[in-house]
2 protein chains.
Amino acid sequence: MTLTLNSPLDMHLHVRDNDMLKTVAPLSSNSFASAIIMPNLVPPVTTIKALQEYKQRIIRSTCRDNFTPLMTLFFKSDYSYEFLKEAKKYIAALKLYPSGITTNSEGGVSSMDIDGLKDTFEAMSELEIPLLVHGETNGFVMDREKEFSSVYEQFAKNFPKLKIVMEHITTKHSASLLDKYENLYATITLHHLYITLDDVAGGMLSPHLFCKPIAKRPEDREALLKLALSANPKVMFGSDSAPHPQDKKECCGCAAGVFTAPIALQALAQLFERHGKLKNLQAFVSDNAQKIYNFKPIDKKVTLEKKEFIVPNSYGSVVPMFAGEKLLWSIKNAL
Amino acid sequence: MTLTLNSPLDMHLHVRDNDMLKTVAPLSSNSFASAIIMPNLVPPVTTIKALQEYKQRIIRSTCRDNFTPLMTLFFKSDYSYEFLKEAKKYIAALKLYPSGITTNSEGGVSSMDIDGLKDTFEAMSELEIPLLVHGETNGFVMDREKEFSSVYEQFAKNFPKLKIVMEHITTKHSASLLDKYENLYATITLHHLYITLDDVAGGMLSPHLFCKPIAKRPEDREALLKLALSANPKVMFGSDSAPHPQDKKECCGCAAGVFTAPIALQALAQLFERHGKLKNLQAFVSDNAQKIYNFKPIDKKVTLEKKEFIVPNSYGSVVPMFAGEKLLWSIKNAL
């Protein structure tokens, strides 16, 4: 049995820089036609020059000519209208991080007060630049995303023409917001469709499944599964694949992030098939995103086949999700 | 400023065996007059002979003559009345583990059905042997203790003369059971008075704070603090200090357990002082336990002084809680 996906897209991806970029970029370009690239480098990507240079480094690292990085700028509330108008030619979106909330987010926004963000949000609405948001407060780890929901609601209500993507949602409460506001969308990761906090800390502690937002409760995963499997048109696949070297994951005090890029499509096929929803995978990994972002990706056909795939123990210095385990689907070719 | 504690007791302690025993036993005997020793060795301690031999190994390892190990047997529902009557001479309690719920608990009880436990519980009631329980189900990690509460209630209701100790409680719900049943008691650890899940997985992942039961929510910690600081007569200090070698804590898939024995009294003094409750520490670390277990420990005075103590980065191969950090109290002497 085979399944051909047309132009699969990863709408939330970390490829880092330098040696790590060289390790992971070819793995994404092998499976996907395009990906939204996160701007949280050190320092963050905040200028068109830095963005163009980063894009070139990514393209050189992919080792292929059939993969398009879709670039984002790190959100700052002092970008001018003129700057954003010029930036619009080069970017797919702006990514907003609350300050200090995840890896390399220290320069992010420290107050979600609408007044301070109004000018930028209005410019983005007019220029049709989507706003991508890491939606967590600095509260108790299991409550951070739910606590942030009032911010999403304020943003959505006050800027009805702004397309807002709730990135890597993890709760049933976030899922419920999609029905409430026309201009709210969401990405969902692979790992949040598979795991709960039980997999991170229920048996032994599993550093390679530790991520932000942290995996939540069984009923939360169920709500995410329902959205993805039904190909709800407001959700897109975004892996949030976030590589860290093995020694930064298994040390005392490990960094947050699950590395899924090279195994994402195979694991998604397994999951969708298990639930009898293989026919909806195309919408989840590509069609929905094309409509939401209003863009046409390059034509690239990725064919999966139902054939065992033993996930490598590592890719370079990075340990992937399902390391050493068997997945039921593998990638046959990508043309 | 100094504070002298009379015969401080650790009512829940893991000292392991062999080399690890030699590392950790002197650390407990330095701070405490006595401790309840957990029986979850490999294989578990289920015979009087094994128990007596283990007790001798502990005594030899403490390197002191002013520390008494209070021994426990690993609960089995097929112990006869005659066996328990004989065992009573050597033990302080039986410890019940649901099967597979924590380190070395595979041989534990697989069903909490009252009928299968009745004979043993009745014998224990008559012989006045306390029942110590690791109260968790195998459900979702944040719900396991609360889910187990119906078992505690059944045990307490059906065996009103059995003294039942809910070991290392972590939730406000468990705290509320103490008021409801006269024959329910509890131990509380040091780490559950200090940390929540935020400290384990809210920032970086902290393997050395990963334990079972896992640390819960802020409101749960508040409820435990209230019990301990008020010297509620139904609660006792039990460190659940659980050493693992560093490489078993910082590897991929780390073992559960926080090592606190050598720093417990210092950190408790700091905590009780911060809340203006130093006068209640004596009850929490000794007097309550003497009444609940109806025993008189050896006379041992442990004097703490308010003097900075930098916690070592490790004791042998074991990393303690607060490694490398500063505590405000230190142990002056133990006589």
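## Relation of the two copies

The same surface serves both copies, since 100% of the contact residues of chain A recur in chain B.

The model is predicted: local features need pLDDT of at least 70, side-chain atom pairs count only at pLDDT 80 or more, and totals for chains, interfaces and linings use all residues. Residues are numbered from 1 along each chain as its sequence is written, while chains are lettered from A and ligands numbered from 1 in the order in which they are written.

## Contact between the chains

In chain A, 24 residues are in contact with 24 residues of chain B (contact: C-beta atoms, placed from the backbone, within 7 Å). Helix α8 (residues 197-201) of chain A gives the most to this side of chain A, with four residues. By class, the side of chain A that touches chain B holds 16 nonpolar, five polar and three charged residues.

## Packing of α5 and α6 in chain A

Helix α5 (residues 144-158) and helix α6 (residues 172-180) of chain A pack at an angle of about 20 degrees, their axes 9 Å apart. Helices are DSSP runs (H or I) of at least four residues, numbered from the N terminus; axes are lines fitted to C-alpha atoms over the stretch in contact, and angles run from 0 to 180 degrees between N-to-C directions. α5(A) and α6(A) are therefore roughly parallel to each other (angles under 35 degrees).

From α5(A), A:Glu145, A:Lys146, A:Ser149 and A:Tyr152 meet A:His173, A:Ser174 and A:Leu177 of α6(A). This contact has two nonpolar, three polar and two charged residues, where Ala, Val, Leu, Ile, Met, Phe, Trp, Tyr, Cys and Pro count as nonpolar, Asp, Glu, Lys and Arg as charged, and the others, Gly among them, as polar.

Note on methods: Helices (H or I, at least four residues) and strands (E, at least two) are DSSP runs, numbered from the N terminus. Angles under 35 degrees count as roughly parallel, over 145 as roughly antiparallel, 65 to 115 as roughly perpendicular and the rest as oblique. Two residues are in contact if their C-beta atoms, placed from the backbone, lie within 7 Å.
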